[in-house]
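Student: I would like to learn how to read helices and aromatic pairs in a model. Please start with the helices.

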Amino acid sequence: MTVTDFFALFVKFFFLLTPPFVISVFLAVAQNYSPQEKASLALRITVATLLVSTVLLLCGGYIFSVFGITINAFRIGTGAILFLTSVSLVRGEDSALKVKGSLHSIAVVPMAIPITVGPATVGALVVYGGEINGFVEWIASFCSIALAILCVGFLLWSSAYIEKAIGKNGLVVLSKLTGLILAALSSQMIFDGAKALLFTQN
């Protein structure tokens with residue numbers, strides 16, 4: 001993996017994690033928490049997201065072999081789900097959630113799963129995990145994805161400052177821009193999967 005590939009993977013998964021959307025939900029969920037509790041929640045979400053992503057990246061190849069699913073077929077399905085996610089972001093659907101539970105429990109569900117690591121991110125991790133060849137490439141890929149997750153975690157930790165700087169309207173605009181980028185990624189995933197399937201059949 002080259003430096004360019006490393007950076008491209010980082011950018012791809014950073015947008016897949018949809019930071020503006022996650023920050024909006026985080027602010028809604030943690031609005032009555034103290035600054036210390038918000039920092040603790042942000043840390044727990046980051047750790048939970050990292051653990052879930054690591055498991056999905058490791059098990060990608062095994063999932064395909066067990067269920068007899070090809071990477072290209074899964075890529076098309078993931079692209080379709082990602083497109084639906086991008087549409088909801090562009091349309092600006094309400095992200096406020098009524099979450100009940102302790103600080104520890106909501107960090108994993110629903111904040112880590114399915115808000116941060118949604119269906120599209122799960123699919124992308126499984127697809128990419130199935131394509132990795134060799135231990136060195138896996139380590140480089142893991143570091144790139146982990147860096148994206150840590151950046152999102154930092155944004156959650158500093159979400160109060162971000163909200164003051166750009167306001168809620170600014171977060172809405174960023175969510176829509178993220179949706180447009182995700183729509184392009186989903187189209188590319190569907191196109192690549194369909195093209196590979198057609199060439200394989202021929």
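Tutor: Helices here are DSSP runs (H or I, at least four residues), numbered from the N terminus. The expected span of a helix is 1.5 Å times one less than its number of residues. This is a predicted model, in which local features need pLDDT of at least 70 and side-chain atom pairs count only at pLDDT 80 or more, while totals for chains, interfaces and linings use all residues. Residues are numbered from 1 along each chain as its sequence is written, and side-chain values use heavy atoms, with hydrogens and water left out.

Student: How many residues does helix 4 have, and what does it reach from its first C-alpha to its last?

Tutor: Helix 4 (residues 71-91) has 21 residues and reaches 30 Å, close to the 30 Å expected.

Student: Which residues of helix 4 are buried?

Tutor: Buried means under 20% relative accessible area, exposed over 50%, partly exposed in between (1.4 Å probe, protein chains only). In helix 4 the buried residues are Asn-72, Arg-75, Thr-78, Gly-79, Leu-82, Ser-86 and Leu-89. They cover an arc of only 110° around the axis (taken from the directions from the helix axis to the C-beta atoms), so they are on the same side of helix 4. On the other side, Leu-84 and Arg-91 are exposed.

Student: What describes a pair of aromatic rings?

Tutor: The distance of the centres and the angle of the planes. Rings of Phe, Tyr and Trp (its six-membered ring) pair if their centres lie within 6.5 Å; planes under 30 degrees apart count as stacked, over 60 as edge-to-face and the rest as tilted. The whole structure has 6 aromatic pairs. Phe-13 and Tyr-128 form an edge-to-face pair, 6.5 Å centre to centre with 80° between the planes.

How values were computed. Helix = DSSP H or I, 4+ residues; strand = E, 2+ residues; numbered from the N terminus.
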